[in-house]
Amino acid sequence: MEPGSMENLSIVYRSRDFLVVNKHWDVRIDSKTWRETLTLQKQLRHRFPELADPDTYYGFRFCHQLDFSTSGALCVALNRAAAGSAYKCFKERRVTKAYLALAVRTRNQASRSWWFWNMGCMQVTPSPKCCC
């Protein structure tokens, strides 16, 4: 995936209540400082100015967070009722976030220990290929 820019915001899903976007790696979700040149908040405001809500601090109701360096699906509630519903689902643990990390190794790194995490069994086993 190419680096994030103001123009390349990818929409995964849209309904009247939710917008799911594919957040780029190394893009902050929001920022209180003017120095941040690119944030998801600014991408959304640029692409969907009509969806920005002046009653919120950042203009959008982010249902959850992703780290700065993490890319992936991020859910944005488009109204108060949807935000409340999403909050309740996260609070009651009816929502699961899953992470997949891929790593490439060289032959010189083969002697080092890498771990393969099997999410289905929640067990950790050594793997010389990648970390998932």
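**A helix and the sheet beside it**

Modeller: Let's start with helix H1, whose buried residues are covered by elements that include strands S2, S3 and S4. Cover here is judged by contact, that is, heavy atoms within 4.5 Å. Helices (H or I, at least four residues) and strands (E, at least two) are DSSP runs, numbered from the N terminus. Please keep in mind that this is a predicted model, in which local features need pLDDT of at least 70 and side-chain atom pairs count only at pLDDT 80 or more, while totals for chains, interfaces and linings use all residues. Residues are numbered from 1 along each chain as its sequence is written, and side-chain values use heavy atoms, leaving out hydrogens and water.

Which residues of H1 are buried? They are Leu 40, Gln 41, Gln 43 and Leu 44. These residues lie on the same side of H1, because they span an arc of only 165° around its axis; the arc is that of the directions from the helix axis to the C-beta atoms. As a rule, an α-helix has 3.6 residues a turn, so residues three or four places apart point the same way. Buried means under 20% relative accessible area, exposed over 50%, and partly exposed in between, with a 1.4 Å probe and protein chains only.

Now for the strands. An open sheet of four strands runs in the order S1-S2-S4-S3, with antiparallel pairing. Strand S1 (10-14) and S3 are at the edges with a single partner strand each, so one side of each has no neighbour in the sheet. Two strands pair if DSSP finds at least two bridges between them. In general, strands of a sheet pair through backbone hydrogen bonds, either parallel or antiparallel.

Four bridges link S1 to strand S2 (residues 18-23), and Tyr 13 has Val 20 of S2 as its bridge partner. Val 20 also stands opposite Cys 75 in S4, where S2 and S4 pair over six bridges. S4 (residues 72-77) has five of its six residues buried, so "mostly covered" describes this strand by the cut-off for burial. Finally, two bridges join S4 to S3, with Phe 62 of S3 (61-62) partnered by Val 76.

What lies between H1 and S3? A loop, and Thr 56 is found there. Thr 56 counts as buried because its relative accessibility is 17%. Its side chain has a polar atom 2.9 Å from the backbone oxygen of Asp 53, and the side chain of Thr 56 also reaches the backbone nitrogen of Phe 60 at 3.2 Å. A polar contact is a pair of N or O atoms within 3.5 Å; within protein, one must be able to donate a hydrogen and the other to accept it, and residues adjacent in sequence count only if both atoms are side-chain atoms.

To step back, the protein has two helices and six strands, running β-β-α-β-β-α-β-β from the N terminus on. Buried residues make up 33% of its 132 residues.
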